[in-house]
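Please look through this model with me. My notes below concern its aromatic rings.

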Amino acid sequence: MTDKLNETGYFIFSLDTELGTGYFDKDADRHRIFSEDGSRERDKIARILEMLEEYQIIATWAVVGHIFYEHCEECEICPVLEWEGKYKSYEEAYKTQHPLWYGADVVEALLAANLPHEVAFHGYSHETFDSMSRVKAEIEIQEFKRVASRKGVDAKSIVFPRDKAGHLDLFEKHGFLCYRGEESLPLLTRNKYIIGRIAKNLDHIFGISTPPIYDMKDFVSENMVNLIATQHIYGFSRKTELLLDQWGLPNLRIRRMARAIHKAAAKKKVAHIWAHPWEFRTEDDFGKLRYIFESVAEEVAAGRMKTISMIDMANMVTQAYGG
């Protein structure tokens with residue numbers, strides 16, 4: 001069975017889809033990054049969908065539960081109430097239809113796409129699960145499932161808010177099958193101090209290393225299938241990014257990701273790239289995504305790679321190795 005499953009390489013593309021909720025606790029950053037009416041964020045999502053269609057790439061869209069609503073419904077269980085007096089988020093989200101907090105139209109666009117994209121769990125409020133109580137985690141899961149079911153969504157994959165995993169056994173009890181694990185970084189570039197940041201930038205720019213790719217058996221874990229990330233497209237200094245763009249080198253550091261994709265195809269392994277839709281802020285940023293997609297399309301055309309959702313990969317891993 002495993003030999004048959006490993007006939008090609010695989011490409012997973014996951015997108016943390018949040019609108020303003022991803023910065024619910026970072027008021028200054030939220031107001032700096034996002035448009036007031038949510039139009040810019042929707043345009044980016046629409047453009048990504050068009051590019052996915054153009055290159056026939058299936059994506060996993062990890063969506064925050066709160067944006068399934070069209071407007072505030074003053075729900076009996078409401079995490080936004082806890083933000084009163086702490087974050088401006090409360091004033092923006094409670095008893096409003098603010099387009100950065102309510103995105104039913106976004107969910108509908110994802111579900112209406114021609115390709116069978118996956119809609120996955122990205123929290124209900126975008127609070128992190130590593131420090132959340134079990135009771136609150138249960139509420140987050142139940143409320144997400146409740147509001148998602150109204151759109152016919154029965155999510156089985158998880159992308160944890162800010163990649164902070166927690167309560168895996170609880171998610172498993174609720175029928176989830178997989179989650180995106182944090183990428184495996186070398187010790188030096190994992191260092192969050194200045195030496196680590198410099199080493200990471202140099203590695204990305206000069207392509208010293210290739211981002212990790214995985215065998216399916218690498219995803220087997222104690223609870224659910226752990227679909228470890230290869231690389232976050234924008235896990236890189238934005239200032240340095242813009243300098244490279246100004247110097248006419250927008251794809252310089254993206255070559256590492258392309259190399260990982262070609263290597264995954266050649267070795268019949270898996271490359272898992274991810275991003276937030278809002279991170280595509282310029283034409284150069286969309287050019288980088290096109291560069292990645294062209295690498296995938298080249299391998300797909302050659303019969304060496306397939307694009308796949310997180311849940312479909314998790315089902316393959318379970319079929320091959322149990323779970």
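**Notes on the aromatic rings**

1. Start with a charge over a ring. Arginine 180 sits over the face of tryptophan 274, 3.9 Å from the ring centre. Keep in mind that this is a predicted model.

2. Now find arginine 47. This residue lies over the face of phenylalanine 286, and the distance to the ring centre is 4.2 Å.

3. How many aromatic pairs does a search of the whole structure find? The count is 25. Take phenylalanine 68 and phenylalanine 144: their ring centres are 5.6 Å apart and their planes stand at 85 degrees, so this pair is edge-to-face. The cut-off for that label is an angle over 60 degrees.

4. Where do these two rings sit in the chain? Phenylalanine 68 is in the loop between strand 2 (60-63) and helix 4 (89-93). Phenylalanine 144 belongs to helix 6 (residues 134-149).

5. Next, phenylalanine 129 and phenylalanine 160. Their ring centres lie 5.8 Å apart with planes at 70 degrees, so this pair is edge-to-face too. Phenylalanine 129 is in the loop between strand 3 (118-121) and helix 6. Phenylalanine 160 is in the loop between strand 4 (157-158) and helix 7 (168-173). This pair also links distant parts of the chain, 31 residues apart. Phenylalanine 129 and phenylalanine 160 are both buried.

6. Finally, trace the cluster. Ring pairs join Phe68, Phe121, Phe129, Phe144, Phe160, Phe171, Phe176 and Tyr179.

Key:
Residues are numbered from 1 along each chain as its sequence is written. This is a predicted model: local features need pLDDT of at least 70, side-chain atom pairs count only at pLDDT 80 or more; totals for chains, interfaces and linings use all residues. Side-chain values use heavy atoms; hydrogens and water are left out. Rings of Phe, Tyr and Trp (its six-membered ring) pair if their centres lie within 6.5 Å; planes under 30 degrees apart count as stacked, over 60 as edge-to-face and the rest as tilted. Helices (H or I, at least four residues) and strands (E, at least two) are DSSP runs, numbered from the N terminus. Buried means under 20% relative accessible area, exposed over 50%, partly exposed in between (1.4 Å probe, protein chains only). A charge sits over a ring if NZ of Lys or CZ of Arg is within 6 Å of the ring centre and within 35 degrees of the ring normal.
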